Structures are given as structure tokens and as C-alpha cells.
Amino acid sequence: MDFQNRAGSKPGSGGVAGYSESNVDRRERLRKLALETIDLAKDPYFMKNHLGTYECKLCLTLHTNEGSYLAHTQGKKHQTNLARRAAKDAKDQETQMPKLIEAAKPKVEIKRVAVKIGRPGYNVTKVRDPTTRQVGLLFQVFYPEIGEGIKPRHRFMNAFEQHQELPNRAIQYLIFAAEPYENVSFRVQAREIDRAEGRFWTYWDPDGKTYSLQFLFKNERPVGYLGGGGSGGPGGGPMAGNVMPTVGNPLNPYAPPPAGYMR
Ligand SMILES: [Zn+2]
């Protein structure tokens, strides 16, 4: 915009008004127009100093009012400095770009790929129900550095679902997962798991950061104790006929103890 050549802005062209009056009017009109069309708050070089006057931070010039500053921004000096600054900024950006890209990289990667911290420690214990004679396994997986708010998960997978090893019909896999740990997988006999209540359980101890899972295999053949009566069959003896109660299950270290049982 060229403020100098606006209609009526030249001294004398205003007709009736005198020189000084029209000059003041012109400045005021310019100031108002400029304030309406240009947002000085967004001009990075415009600065009001402590003396109440204005400075161009680019050209280091002083201005008594906004109109004067705005007129300056249309002048050759300011325009030349603007072009010079733009060229310098472009060059700086070019040299800084690789650094900026490098600085931005890790952030992006952390978001996309969770950093794994290795495999958790674990214990595997063979268990056997003395009453039903079912055998099974107790897994305890230790996750001391588990992520905030994360609960470990498990999954049984048959030999054909996994793609790590050649499928073997006799094997199934038990997998544990908890971020940021790597998954761990255990080979287990491909026998049917007893899913009855109290026979299969999992427990996450948030204080001890230990995930426990215990299962028993279903017996291949029914056992004598189911017939009850302590007839001297395979389940005979003092426990015969008593189905193991869910509460106080001695195979479950986290189940409440039966009455009178001292821990
Ligand atoms: Zn300037």
C-alpha cells in the first residue's frame, strides 16, 4: 500500500483546508487506516519503548507514533531490510533443518514403538491336586517395571496359531504379555485345561508386581473319588468324597484359608 499517493493526501490537494491542518488530518487518517488494516500486534519488529515512542527493531529507527512507523514499513529502507532478513532466515533454517529433524526423531519413535525392556523373570512350579490327582502348572511372572496402569495378560495358543516354531500337535503355548516387557511363551502339553471355577485362576499382585496363573489339566479318565463313599478306589482315604472347596484351595496361595487354618 502506498500511503504517500492516496487521493487527497497531498498538501494543497485538499482544497479548502490549510496546509498544516490537512497534514495533521492526513497523518491521523493514515494512522486510523493503518490501524484498521494492519495488525501491529502481529508485527515482530514493531515495539513501543518506555518513552512512549515507537521503534522498528529491524531497522533500529525511532517513530513518534504508529502512523509514522507504518509509513516507515512501506519505505525502501525497511523493505530492503525485510528482504535481507528473509534471506538470512531461509539460510539459517536450511542449516538448522537437519538438527531440527534429528531433535524431533526420538519423540516420534517413542510414540510409535513402545521400547521393550526385555523379558520378565518367572517361576514355573508343577502342581498336583491331591484329591483329584489332576496335575498342572503354576506360573509366576515378575514385572517390577510394569507400565503405569497396565495389567498383565495371558493367552493359550495352539501349535497352529503360532508362527515361531514348526507346529507340533502335542504342544500348546501359554503366552504372557505386559508392557513394556517382551512377551514370554511357554510350551505346555496340548491337553485340555480344566476351566472349572477354582481349578483355573490368575492373580495380579499390584504391590508385589507378580502375575500368577495356575491351571490343572483335565484328567483323561474319570477318577474314582467322584463316586464318593471312600470305597477304597483311587480317591480313597480320608478325603474321599469331598470335592475340594474353592475357598481355601490349598493350590491357590491367594485364596482365603479355610477356617482354623493358620498361615
Ligand atoms: Zn524498519
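Which residues does UniProt list for "domain: Matrin-type"? I found that the unreviewed entry gives residues 54-84 for it. I note here that I am working with a predicted model. Looking up that span, I see that it is 55% helix and 19% strand, and that the C-alpha atoms at its ends lie 22 Å apart.

**Overall count**

I next listed the secondary structure of the protein, which comes to three helices and 10 strands. Reading along the sequence, I wrote down the pattern α-β-β-β-α-α-β-β-β-β-β-β-β. Of the 263 residues in the protein, buried ones make up 11%. I also looked up contacts with a separation of 6 or more, and 46% of these are between residues 24 or more positions apart.

**The sheet of β1, β2 and β3**

I traced an open sheet of three strands, in the order β1-β2-β3, with antiparallel pairing. Its edge strands are β1 (46-48) and β3 (61-63), each of which pairs on one side only. From one strand to the next, the twist averages 30°. Between β2 (residues 54-56) and β3, which run antiparallel, I find three bridges, and within this sheet Glu-55 stands opposite Leu-62 in β3.

**Strands that pair with β10**

Strand β10 (residues 210-216) pairs with β5 (residues 135-142) in the antiparallel sense, over seven bridges, and Phe-139 has Leu-213 in β10 as its bridge partner. Strand β9 (residues 201-205) also pairs with β10 in the antiparallel sense, over five bridges, with Trp-201 opposite Gln-214 in β10. I noted that β9 and β10 form a hairpin with four residues between them, and that Lys-209 in the turn has a positive phi of about 55°.

**The interior**

Which residues make up the largest nonpolar core? I count eight in the entry: Phe-139, Val-141, Tyr-143, Ile-146, Phe-176, Ala-178, Tyr-181 and Tyr-211. A second, separate core has five residues, among them Tyr-54, Cys-56, Tyr-69 and Leu-70. As background, I remind myself that in soluble globular proteins nonpolar side chains tend to be buried together.

Finally, I followed one member of the largest core, Val-141. Leaving aside its neighbours within four places in sequence, Val-141 is in contact with Pro-120, Tyr-122, Pro-152, Phe-176, Val-184 and Tyr-211.

Methods. Residues numbered from 1 in each chain as written. Predicted model: local features only at pLDDT ≥ 70, side-chain atom pairs only at ≥ 80, totals over all residues. Core = buried A, V, L, I, M, F, W, Y, C linked by C-beta atoms within 7 Å. Buried ≥ 20, exposed ≤ 12 C-beta atoms within 10 Å, placed from the backbone. Contact = placed C-beta atoms within 7 Å. UniProt positions renumbered as here; feature names shortened; annotations may be inferred. Helix = DSSP H or I, 4+ residues; strand = E, 2+ residues; numbered from the N terminus. Pairing = 2+ DSSP bridges. Axes fitted to C-alpha atoms, helices over the stretch in contact; angles between N-to-C directions.
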